[in-house]
Amino acid sequence: MSTAAAAPVRQLDPHSVGELRTAAEKILAEFGTSATSPQLLARVEESAAEFGATLRHHCRPVDTDDGLFVLRGLEVDDAQVGPTPPGWAHAGDSGAVHDIVLLLLASVMGNPIAWQGQQDGRFVHNIVPSPGHESEQTGASSAVLLSPHTEDAFHPGRAHLLMLGCMRNHDRIATTAASVRKVRLTDEDVELLSRPALPILPDDAYAEAQGYADAAPPPVPTLFAAEDGLTLRFDPAYTPLDQADGEYRAAYQRLEDELARVSVAVSLDPGEVLVVDNDLVVHGRVPFKARYDGTDRWLKRASVRVPGRRGRPLAEADEHGYGQAALEAHAA
Ligand SMILES: O=C(O)CCC(=O)C(=O)O
Ligand SMILES: [Fe+2]
């Protein structure tokens, strides 16, 4: 895994930073919370529509095979944001102005989404290590490697973009990212992995979806040849690989090895926002020791759909999504 020059950086200019900050503070002053209501979301959409061309340009689609970029230039005042919450359920309005900044950025890039079944339906999630969850394959874990995955891979309505905004990261714990556009596979492996062989089951962040029993889990392809290149849908921790034949398993393993080979480690500093194209890149996190003293690593996460984006199999439209539906922040 490489760490040098891990990600293309887009440096925000002071004017763009000011626009974001002023708009977010105004919205927070009006509503007194970052908890989303239809009124707050409408105000976010209005404000985002008024941003200048420079900020919009910083928010243009991912434009390299890295499949990601880091927005730099926003500021987080470590003293002012208060202690890292001990779990998402305790976060409340901690760092509320940063929730709104992230929502504004997300609204420039596309349409933010939320899931009823995750973090109380919030549009901005808090990713913090949580006592008792150390070994899970969710954002609340710490002691284990969070293995590379497509965000919400089980669902046809999953995000096109994943945004991770850093609030605090004293131990410089890295997010990992691997782009399918950088892997080397034979045509035979690509063909094999493009067949819908296995389902991807809902992850541990979706207790309700895990109980879904109305229909069988649909098999989905791991790779897809989109117009502009390969895309992937990959979450080995929730894929029943033992149901596949040896040939498929071997190809899947070769893909996993290649993703590990091209993986980069992105250690975010406060104020930085990592934007990952969820169709091109799988992300994860290295293991670390949680502090549980209010100074732990703390990220804000937003998920975004990009209207009109292609690059996924049409058959996804028929998937049941395990009874889960994403809420869109803004009318399509
Ligand atoms: O903690 C991280 O860096 C990434 C966690 C993760 O997978 C996520 O928030 O979706
Ligand atoms: Fe994730």
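The model is predicted, so local features need pLDDT of at least 70, side-chain atom pairs count only at pLDDT 80 or more, and totals for chains, interfaces and linings use all residues. Residues are numbered from 1 along each chain as its sequence is written, while chains are lettered from A and ligands numbered from 1 in the order in which they are written.

**Stop one: H1 and H2**

Select residues 14-31 (helix H1) and 38-49 (helix H2); helices are DSSP runs of H or I with at least four residues, strands are runs of E with at least two, and both are numbered from the N terminus. Their axes sit 11 Å apart and the packing angle is about 160 degrees. Axes here are lines fitted to C-alpha atoms, for helices over the stretch in contact, and angles run from 0 to 180 degrees between N-to-C directions. That makes H1 roughly antiparallel to H2 (the label for angles over 145 degrees; under 35 is roughly parallel, 65 to 115 roughly perpendicular, the rest oblique).

Now show side chains: Ala-23, Ile-27, Glu-30 and Phe-31 of H1 touch Leu-40, Arg-43, Val-44 and Ser-47 of H2, contact being C-beta atoms, placed from the backbone, within 7 Å.

**Stop two: H2 and H4**

From H2, pick Val-44, Glu-45, Ser-47 and Ala-48; they meet Ile-100, Leu-103, Leu-104, Ser-107 and Val-108 of H4.

**Stop three: the sheet**

Next, colour the open four-stranded sheet, whose order is E5-E12-E7-E10 with antiparallel pairing (strands pair if DSSP finds at least two bridges between them). E5 (146-149) and E10 (264-267) are the edge strands; each has a single partner, so one side of each is left without a neighbour in the sheet. On average, neighbouring strands are turned by 20 degrees against each other, direction ignored. Zoom in on E5 and E12, which pair over two bridges, and find Leu-146 opposite Arg-285 in E12.

**Last stop: ligand 1**

Which residues surround ligand 1? Select Ile-127, Gly-139, Leu-146, Glu-151, Leu-164, Thr-175, His-283, Arg-285, Leu-299 and Arg-301; a residue is near a molecule if its C-beta atom, placed from the backbone, lies within 6 Å of it. Strands E12 (281-285) and E13 (298-305) are the elements that give two or more residues to this shell.

Terms used:
Contact = placed C-beta atoms within 7 Å.
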